[in-house]
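Hello,

Here is the structure I said I would pass on. Please open it first, then read my notes below.

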Amino acid sequence: MSSDPIDLYYWPTPNGWKISIALEEMGLPYETHLINIGKGDQFAPDFLRIAPNNRMPAIVDPDGPDGKPVSVFESGAILTYLARKTGQFMGQSERDRIAVEEWLMWQMGGLGPMAGQTHHFLKYAPEDIAYAKDRYRSEAARLYGVLDRRLADNEYVAGDFYSIADMAIWGWASLWEGQEQTLEDKPHMARWLKTLWERPALRRGRALHADLRADRSDTWVQAELFGTEA
């Protein structure tokens with residue numbers, strides 16, 4: 001495997017954390033290129049050649065499948081690419097891989113979009129739309145209920161092993177406070193959040209340029225990163 005660093009195009013959001021955490025967990029060298037989504041960096045022509053959907057994160061791996069550089073966009077695609085490249089965090093069997101892919105797709109198609117809409121309508125929407133707030137807050141609660149029930153019988157989301165699915169879900173789930181959720185009725189999710197937070201590589205990935213993040217609603221994490229409940 002090449003020692004040349006992977007280029008990571010990144011901003012400190014739950015989607016960006018997925019990849020910074022994965023790179024740290026996998027021990028892959030990388031160089032960070034900040035894509036300031038508040039200033040519109042995601043629309044720059046050079047970035048669109050890598051990520052045509054004008055969304056970060058994206059990567060360029062100088063040591064692609066044929067030994068030539070390859071760019072990958074969409075966080076789920078990046079995670080599965082890196083897992084295949086390194087042979088890590090996808091489990092050992094085909095049944096393991098099926099479970100990982102199920103829960104990764106659950107995050108990509110469910111939790112990520114719904115939690116993102118929850119954040120938008122609760123914090124950033126120019127109009128106060130009660131229906132939208134209730135709709136997305138309720139859907140986030142339903143999804144966290146699904147997660148909690150899964151974790152009642154499994155240490156991690158795909159089973160008894162830590163995987164890229166956990167990495168994908170953790171960032172959004174760690175923002176439960178800002179989504180106006182509670183952990184009082186989700187003890188298994190609470191246990192899982194703390195278990196993952198104890199991993200040094202996850203902490204390093206989460207801390208990458210954390211000072212640039214405007215929304216610090218995950219006060220339990222912020223207190224440890226910055227020594228304050230900012």
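**Loop residues with positive phi**

Glu-180 is partly exposed, because its relative accessibility is 47%. Keep in mind that this is a predicted model. Glu-180 sits in the loop between helix H6 (164–173) and helix H7 (187–197). Its phi is near 60°, a positive value in a residue other than glycine.

His-209 also has a positive phi, near 55°, and is likewise not a glycine. Look for His-209 in the loop between H8 and helix H9 (219–226). Its relative accessible area is 29%, so His-209 counts as partly exposed.

Ala-210 is buried, with a relative accessible area of 6%. How far apart in space are Ala-210 and Val-70, C-alpha to C-alpha? The distance is 27 Å, and the two residues are 140 apart in sequence.

Arg-213 is another residue of the loop between H8 and H9. Is Arg-213 buried or exposed? Arg-213 is buried, because its relative accessible area is 9%. Its side chain reaches the backbone oxygen of Pro-12 at 3.0 Å. Not counting residues up to four places away in sequence, Arg-213 touches Pro-12, Thr-13, Pro-14, Trp-17, Leu-175 and Arg-206. Two of these names return in the next section: Trp-17 in H1 and Arg-206 in H8.

**H1 against H8**

Two packed helices are described by the angle between their axes and the distance between the axes. Helix H1 (residues 14–26) packs with helix H8 (residues 200–207) at an angle of about 140°. Their axes are 8 Å apart. That angle makes H1 oblique to H8. The crossing of H1 past H8 is right-handed.

Which residues meet here? From H1 come Trp-17, Ser-20, Ile-21, Glu-24 and Glu-25. From H8 come Ala-201, Leu-202, Arg-204, Gly-205 and Arg-206. By class, the residues of this contact of H1 with H8 are four nonpolar, two polar and four charged.

**H4 against H5**

Helix H4 (residues 94–124) and helix H5 (residues 130–152) form another packed pair. The angle is about 150°, and the axes are 8 Å apart. H4 and H5 are therefore roughly antiparallel to each other; the cut-off for that word is an angle over 145 degrees. H4 passes H5 in a left-handed crossing.

On the H4 side, the contact residues include Trp-103, Trp-106, Met-114 and Phe-121. On the H5 side, they include Tyr-136, Leu-143, Tyr-144 and Arg-150. The contact of H4 with H5 has 15 nonpolar, three polar and four charged residues.

**Helix H6**

How many residues of H6 are buried? Ten of its ten residues are buried, and H6 is mostly covered. Among them are Asp-166, Trp-170, Gly-171 and Trp-172. Ser-163 caps the N-terminal end of H6. A side-chain oxygen of Ser-163 lies 3.1 Å from the backbone nitrogen of Ala-165.

**The loops on either side of H2**

Gln-42 is in the loop between strand S2 (30–34) and H2. At 10% relative accessibility, Gln-42 counts as buried. A polar atom of its side chain lies 3.4 Å from the backbone oxygen of Ile-37. Leaving aside neighbours within four places in sequence, Gln-42 is in contact with Ile-35, Asn-36, Ile-37, Phe-47, Leu-48 and Asn-54.

Asn-54 is in the loop between H2 and S3. Asn-54 is buried as well, with a relative accessible area of 17%. Not counting residues up to four places away in sequence, Asn-54 touches Gln-42, Phe-43, Phe-47 and Leu-48. The C-alpha atoms of Asn-54 and Gly-40 are separated by 9.3 Å. Those two residues are 14 apart along the chain.

Pro-57 belongs to the loop between helix H2 (45–48) and strand S3 (58–61). Which kind of peptide bond joins Met-56 and Pro-57? The bond is cis, with omega about 10°.

Best wishes

Key: Residues are numbered from 1 along each chain as its sequence is written. This is a predicted model: local features need pLDDT of at least 70, side-chain atom pairs count only at pLDDT 80 or more; totals for chains, interfaces and linings use all residues. Side-chain values use heavy atoms; hydrogens and water are left out. Axes are lines fitted to C-alpha atoms, for helices over the stretch in contact, and angles run from 0 to 180 degrees between N-to-C directions. Helices (H or I, at least four residues) and strands (E, at least two) are DSSP runs, numbered from the N terminus. Angles under 35 degrees count as roughly parallel, over 145 as roughly antiparallel, 65 to 115 as roughly perpendicular and the rest as oblique. A crossing is left-handed if the near helix is turned anticlockwise from the far one by less than a right angle, and right-handed if clockwise. Contact means heavy atoms within 4.5 Å. Ala, Val, Leu, Ile, Met, Phe, Trp, Tyr, Cys and Pro count as nonpolar, Asp, Glu, Lys and Arg as charged, and the others, Gly among them, as polar. Buried means under 20% relative accessible area, exposed over 50%, partly exposed in between (1.4 Å probe, protein chains only). A polar contact is a pair of N or O atoms within 3.5 Å; within protein, one must be able to donate a hydrogen and the other to accept it, and residues adjacent in sequence count only if both atoms are side-chain atoms.
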